Amino acid sequence: MAKVLTSRKENYSQWYNDLVIKADLAENSAVRGCMVIKPYGYAIWEKMQAVLDRMFKDTGHSNAYFPLFIPKSFLSREADHVEGFAKECAVVTHYRLKSSPSGGIEVDETAKLEEELVIRPTSETIIWNTYKNWIQSYRDLPLLINQWANVVRWEMRTRLFLRTAEFLWQEGHTAHATREEAMEETIKMLGVYADFAKEWMAMPVIKGVKTENERFAGAVETYSIEALMQDGKALQSGTSHFLGQNFAKAFDVTFLDKTGKLEHVWASSWGVSTRLMGALIMAHSDDNGLVLPPKLAPIQVVIVPIYKKTEELAVIDERVEVIRKSLIASGISVKYDNRDTHKPGWKFAEYELKGVPLRLAIGPRDIENRSVEVARRDTLEKKIYPVEGIADTVKALLDEIQDGIYKKALDFRDNNTFRADSYEEFREIIASRGGFVLAHWDGTRETEEKINQETKATIRCIPLDPVMEEGKCIVTGKPSPRRVYFAKAY
RNA sequence: CGGGGUGUGGCGCAGUUGGCAGCGCGCGUCGUUCGGGACGACGAGGUCGGAAGUUCGAGUCUUCUCACCCCGACCA
């Protein structure tokens with residue numbers, strides 16, 4: 001087969017870049033740092049959205065939409081928040097253009113905005129400013145809102161899906177009467193993300209708390225799900241924040257509780273972005289291309305006819321139509337590619353590159369034997385199956401693939417999660433093979449920063465379901481109640 | 001923002017001391033092919049990133065400029 005991708009071994013990040021382009025997921029646009037998500041890539045994102053949206057609704061949330069523009073003054077209301085985002089904000093300063101003497105077009109300096117508008121890097125401020133008017137009583141709580149939106153963070157260096165200046169995401173913003181309830185919501189949504197990653201993306205994740213260093217600007221506590229990529233680097237795939245009363249205080253959002261006492265509300269916010277696309281790509285794919293979990297694949301089964309003459313194709317078309325209908329009846333998404341403009345071998349390679357979980361090939365031999373050749377994308381294994389009961393066969397195989405790639409990803413993570421009991425050992429693992437390293441840490445910012453500077457590894461999270469184990473910090477030797485996850489990160 | 005690099009058909013690239021702008025892929029037409037990215041013939045497609053300069057003559061030399069990529073510092 002003609003090689004179209006750089007191999008992972010050769011250059012992992014080049015492999016990733018090649019794959020995104022060659023699998024037709026996205027490409028760089030004329031705007032620096034901003035990508036064009038192509039139809040095939042967007043189809044995957046839409047499937048993710050549909051599932052997540054259902055999960056949010058099932059946990060009591062409603063969708064709403066808030067403006068793209070945020071008055072500059074809003075951003076500065078919460079001190080940590082502004083500090084965290086100020087360096088990467090795009091700002092709108094004018095509202096009109098005029099033709100320039102040189103023949104082009106230029107900003108009309110007379111059309112300067114009274115108050116400049118920031119393009120949302122996240123929507124806490126505009127949302128809490130709005131919530132102020134929505135909440136008066138404990139009867140208005142909890143307020144459980146989600147929005148699907150684009151946001152802009154002016155990044156220095158960007159990579160398709162993993163870090164782009166503009167990206168798509170959802171952001172949940174909830175308001176609660178009590179601290180406990182807001183915290184419960186924070187953890188619940190982290191759980192939703194972890195379930196989604198596992199059940200739909202077939203990607204195992206670690207749930208944990210972020211250290212102070214990695215905390216969201218304006219949050220009291222940040223939780224995340226962390227996944228391990230095939231190059232041994234961790235990818236933060238979703239975050240859920242307990243915001244305490246920080247934004248309620250900044251925007252003066254209060255309510256009267258049952259006893260008639262005026263209180264600030266408690267808040268959470270949580271989000272996942274198109275970065276999940278990057279995670280999905282890197283979690284399962286190989287040197288032949290994308291490997292998609294059947295549950296998120298836009299096309300679950302592709303059927304390729306093999307024929308010499310058009311008369312043969314007519315017979316195959318007929319047989320395929322029967323198969324196609326039975327698959328659709330079983331809720332399987334099928335594409336029959338009977339284009340005459342490409343050869344079977346070309347199509348095989350193409351759909352492999354695009355990660356279609358199953359490929360059915362039907363030729364004269366199969367017509368004769370009432371059989372189909374079925375090729376699995378995950379194992380590249382080919383087998384002949386009878387046409388009879390093909391829908392059940394396919395269904396079973398899709399389930400097997402979904403489970404199989406999860407298992408494979410889990411094994412990979414297990415085989416690349418290490419325990420280090422000395423700093424020496426720690427440095428050796430991080431430098432040589434990467435992966436997650438579980439080690440004791442004394443809980444201080446200084447130690448974390450020292451480790452980061454010396455090894456490039458960061459604390460990904462403090463696991464939520466930790467095995468409590470007394471130990472000593474690998475750097476300072478001070479006591480530590482449990483191990484935390486370290487890794488180099490995206 | 002520091003360090004490095006690249007701009008030449010749609011994509012990937014070559015272009016020697018300055019002398020007719022090329023190759024591969026892709027694209028179009030026709031024919032033979034079709035169970036793992038087929039082959040042949042013919043064909044279309046370029047203000048060589050932009051501006052100024054040197055020269056009889058610039059893709060090539062000089063100056064300026066713009067864009068993008070890679071490596072760092074910052075980030076989901």
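Predicted model: local features only at pLDDT ≥ 70, side-chain atom pairs only at ≥ 80, totals over all residues.
Leu-380 is partly exposed, with 40% relative accessible area; that label covers values between buried (under 20%) and exposed (over 50%), using a 1.4 Å probe and protein chains only. Residues are numbered from 1 along each chain as its sequence is written, chains are lettered from A and ligands numbered from 1 in the order in which they are written, and side-chain values use heavy atoms, with hydrogens and water left out.

**Backbone spots to look at**

- The loop that holds Leu-380 runs between β20 (371-376) and β21 (382-386); helices (H or I, at least four residues) and strands (E, at least two) are DSSP runs, numbered from the N terminus.
- Leu-380 has a phi near 65 degrees, which is a positive value in a residue other than glycine.
- Lys-456 also has a positive phi, near 75 degrees, and is likewise a residue other than glycine.
- You will find Lys-456 in the loop between α14 (445-455) and β24 (458-463), and at 60% relative accessibility this residue is exposed.
- A cis peptide bond joins Leu-141 to Pro-142, with omega near -5 degrees.
- Pro-142 belongs to the loop between α5 (124-134) and β9 (143-152).
- For background, most residues other than glycine have a negative phi, and most peptide bonds are trans.

**The surface near RNA strand B**

- How many residues surround RNA strand B? There are 36, and the closest are Arg-157, Arg-163, Thr-164, Arg-275 and Asp-366; a residue is near a strand if one of its heavy atoms lies within 4 Å of it.
- By class, this surface has 15 nonpolar, 5 polar and 16 charged residues. Here Ala, Val, Leu, Ile, Met, Phe, Trp, Tyr, Cys and Pro count as nonpolar, Asp, Glu, Lys and Arg as charged, and the others, Gly among them, as polar.
- α10 (344-353), β19 (358-362) and α11 (364-369) each supply at least two residues of the surface near RNA strand B.
- The largest share, 8 residues, comes from α10.
- Of the atoms of RNA strand B within 4 Å of the protein, 36% belong to sugar or phosphate, and the rest belong to bases.
- Base nitrogens of RNA strand B lie 2.5 Å from a polar side-chain atom of Asp-366 and 2.6 Å from a polar side-chain atom of Glu-352.
- Lys-308 uses its backbone instead: one of its N or O atoms lies 2.8 Å from a base nitrogen of RNA strand B.

**Aromatic rings**

- The structure holds 17 aromatic pairs, where rings of Phe, Tyr and Trp (its six-membered ring) pair if their centres lie within 6.5 Å.
- Phe-56 and Tyr-193 make an edge-to-face pair because their planes meet at 80 degrees, with ring centres 6.4 Å apart; planes over 60 degrees apart count as edge-to-face, under 30 as stacked and the rest as tilted.
- This pair links distant parts of the chain, with Phe-56 in helix α2 (residues 39-58) and Tyr-193 in helix α6 (residues 179-199), 137 residues apart.
- Phe-56 is buried at 1% relative accessible area, and Tyr-193 is buried at 1% as well.
- Tyr-131 and Trp-134 form a tilted pair, 5.6 Å centre to centre with 35 degrees between the planes.
- About one helical turn separates Tyr-131 from Trp-134, because they are 3 residues apart in helix α5.
- Tyr-131 is buried at 0% relative accessibility, whereas Trp-134 is partly exposed at 40%.
- Ring pairs also link Trp-45, Phe-56, Trp-148, Tyr-193 and Trp-270 into a cluster.

**Charges over rings**

- Arg-359 lies over the face of Phe-348, at 3.8 Å from the ring centre; a charge sits over a ring if NZ of Lys or CZ of Arg is within 6 Å of the ring centre and within 35 degrees of the ring normal.
- Lys-233 lies over the face of Tyr-490, at 4.5 Å from the ring centre.

**Domains and a buried strand residue**

- Chain A is divided into domain 1 (12-91 + 118-284), domain 2 (301-397) and domain 3 (417-487), with bounds from an automatic or database domain assignment.
- The centres of domain 2 and domain 3, taken over C-alpha atoms, are 50 Å apart.
- Ala-267, in strand β16 (residues 266-273), is buried at 0% relative accessibility.
- The C-alpha atoms of Ala-267 and Gln-245 are separated by 6.4 Å, and the two residues are 22 residues apart along the chain.

Technical notes: Polar contact = N/O pair within 3.5 Å; in protein donor to acceptor, adjacent residues only side chain to side chain.
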